[in-house]
Amino acid sequence: MITAYAYQNRELITTELNVGDKVPESTLWLDLLKPDDAERQWLRSFSAEEVPDEEDIKEIEASARFYQNQDGLHINSLFPQRVSSDVRAVNVSFNLRERFLLTMREEDVGLIRLLRNYLRLGRLDITTPQGLLLELFTLKVDYLSDLIEDIYSILENVGEQVFNDEELDGVFKLITLQEDSNGKIRLSLLDTQRSLRYMQRYYRDRLSDENLKDIREMLSDIESLMPHSQFIFDKLQFLLDAAMGFSGLQQNKIIKIFSVSAVVFLPPTLIASSYGMNFHIMPELDWRFGYPMAVALMLASAAGTYFFFKRKGWL
């Protein structure tokens, strides 16, 4: 799907384009969502260089994610997206041209919808494609900050759940999920930092003083968020160690019960085994009180062993 956006007097004008249509002169933002082969071919018709495909957008090398050519500045950036209780990272390709900002993506991204709504409501004052790109990155940094706060809120109650037998399985799943989410958040922060530094270093001559100021502020925000992300990793590791330690302690208690039970019933078993032997000469076999004596002896030996363990504090 190809959508062209023009933004004039804080009013968003949306135009759906078909293959073969010309890009309107007033276009500020050209967005391609899940482009097919025909739409990619249409884009090549007014591009000086090769159009990156889906595999190119997913490349992790810096030379593939940040570069300039005749079509302008190219940045491939990871955008976080919460799906239920999970956080996903979606690759979005940006091509900053003289006339407009070109975006390509294989999935719908919540932050792009949010930017579109802000434009539709007239909440932003944007007149250049550079300003549009930086506004989207500003929303991204703010959203990453919100995601980190969400993880903080979730982990506040995990400490109490760690010491609850019935919730241990859920705690392990929760810790694993939050560790994965925090990893994607940190990856998005690092990716955003690299993108902004590339723009600051190699695209400075095409940015206004206000744009450069926005970049510096975002880099400062990212630097402040990095320690929070690392703290979450440390806290998750502590909670995981605590949960595993408590789980091991509970298992040891169960094994301890079986061990003590085996030792307590060992003397009665020895007595019963002795009187269960089939020797001809066993005086107690003909004794009238032999059976009650054997039972009493087994009970006394079991009770004696139990109280011995109890006195030692092993129970």
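Analyst: Start with a term. A crossing is left-handed if the near helix is turned anticlockwise from the far one by less than a right angle. Keep in mind that this model is predicted.

User: How is the packing of two helices described?

Analyst: Two packed helices are described by the angle between their axes and the distance between the axes. Here, helix 5 (residues 129–156) packs with helix 7 (residues 168–202) at an angle of about 155°, and their axes are 10 Å apart. Angles over 145 degrees count as roughly antiparallel, so helix 5 is roughly antiparallel to helix 7. The crossing of helix 5 with helix 7 is left-handed.

User: Which residues of helix 5 and helix 7 meet?

Analyst: Helix 5 brings, among them, Leu133, Phe137, Lys140 and Ile151. Helix 7 brings residues including Gln178, Ile185, Asp191 and Met199. By class, this contact has 15 nonpolar, six polar and two charged residues.

User: How do I read a pocket?

Analyst: Rolling a probe the size of a water molecule over the atoms shows where empty space is left. In this model, the largest pocket holds about 350 Å³ of space. Its lining has 17 residues, with Gly131, Glu135, Glu210, Asn211 and Asp214 nearest the centre. Helix 5 and helix 8 (209–264) are the elements that each give two or more residues to this lining. The lining counts four nonpolar, six polar and seven charged residues.

User: What is the volume of the second largest pocket, and which residues line it?

Analyst: Its volume is about 190 Å³. The lining includes Asp21, Lys22, Trp42, Phe46, Arg97 and Glu98. By class, the lining has four nonpolar, one polar and five charged residues.

Technical notes. Residues numbered from 1 in each chain as written. Predicted model: local features only at pLDDT ≥ 70, side-chain atom pairs only at ≥ 80, totals over all residues. Heavy atoms only, no water. Axes fitted to C-alpha atoms, helices over the stretch in contact; angles between N-to-C directions. Helix = DSSP H or I, 4+ residues; strand = E, 2+ residues; numbered from the N terminus. Parallel < 35°, antiparallel > 145°, perpendicular 65-115°, else oblique. Contact = heavy atoms within 4.5 Å. Nonpolar A, V, L, I, M, F, W, Y, C, P; charged D, E, K, R; others polar. 1 Å grid on protein atoms, 1.4 Å probe; cavity = no way out; pocket = protein on both sides within 12 Å on 5 of 7 lines; lining within 4 Å. Points joined across faces, edges and corners; volume = space filled by probe spheres on them.
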